[in-house]
Amino acid sequence: MCACFVLQGFVGFNRAAIKVYNRTGAALHLFVAEAVNYILLSEVQGSSIPKLLALGRLPHSGAPVLALTLCQLLPLPPLREQFAASAREALACLHAMGHSHGDLTGSNLLVFEGRVLLCDLQTCQRGAGQDSLQRDVADLEQLLQD
C-alpha cells in the first residue's frame, strides 16, 4: 500500500500539490519526517525545495496532508541538460544546510519558474556524513546522464 497520494488543488490563490498520507503507522512516520524536513529547510523553500503552503489534517478523515507549491516534473533528455546547473545548485544548497536528500530519483526533481527543486524529503537526513552527501551527488549525476 502506498504511503500517500498526490492531488492538485489550491491553497489560497496558490496552485498546490496536496500530499494526502494514509493514517497507518508507517505513513504517519513518513509524514512527520517530511514535515519536519520542510520546516528545518524553510530557508531554501522556493529556491531548492518547493514551498510548504500548508500542513495539517483533512477535517473529514483526519488524514495528514502537506500542501506544496505545484511544480512540473523535470523534462526528459535532451531538455534535462539545460537544467543540470540548477539541479546541482539545489542539491548544493541542501548540503550547505547540512542535509542529504537520500532518494534522488527522476520523480524527485521538479521544475518551478525555471529552477530545479528537490522534493519528497521523507528520507532527508540532517547532519548527514560525507558518504551520504557523496551518494547524493553521484545519484544526481547519474540522473542527469540518463
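How much space lies in the largest pocket? In this predicted model, the largest pocket holds about 370 Å³ of space. Its lining is made by 16 residues, and Val 6, Ala 17, Ser 107, Leu 110 and Cys 119 are those nearest the centre. Two or more lining residues come from each of β1 (4–11), β2 (14–21), β4 (64–69) and β5 (72–73), and β2 gives the largest share, three residues. Sorted by class, the lining has nine nonpolar, four polar and three charged residues.

Val 36 belongs to helix α1 (residues 25–40) and counts as partly exposed, because its relative accessibility is 41%.

Turning to charge pairs, the whole structure contains four salt bridges. One of them joins Glu 34 to Lys 19, with the closest N and O atoms 2.8 Å apart; this pair links distant parts of the chain, since Glu 34 is in helix α1 and Lys 19 in strand β2, 15 residues apart. Glu 34 is buried at 0% relative accessible area, and Lys 19 is also buried, at 4%.

Another salt bridge connects Glu 141 and Arg 88 at 2.7 Å, N to O, and it links helix α3 (residues 130–145), which holds Glu 141, with helix α2 (residues 84–96), which holds Arg 88, across 53 residues. Here Glu 141 is partly exposed at 23% relative accessible area, and Arg 88 is partly exposed at 38%.

Methods
Residues numbered from 1 in each chain as written. Predicted model: local features only at pLDDT ≥ 70, side-chain atom pairs only at ≥ 80, totals over all residues. Heavy atoms only, no water. 1 Å grid on protein atoms, 1.4 Å probe; cavity = no way out; pocket = protein on both sides within 12 Å on 5 of 7 lines; lining within 4 Å. Points joined across faces, edges and corners; volume = space filled by probe spheres on them. Helix = DSSP H or I, 4+ residues; strand = E, 2+ residues; numbered from the N terminus. Nonpolar A, V, L, I, M, F, W, Y, C, P; charged D, E, K, R; others polar. Buried < 20%, exposed > 50% of the residue type's maximum accessible area, 1.4 Å probe, protein only. Salt bridge = Lys/Arg side-chain N within 4 Å of Asp/Glu carboxyl O.
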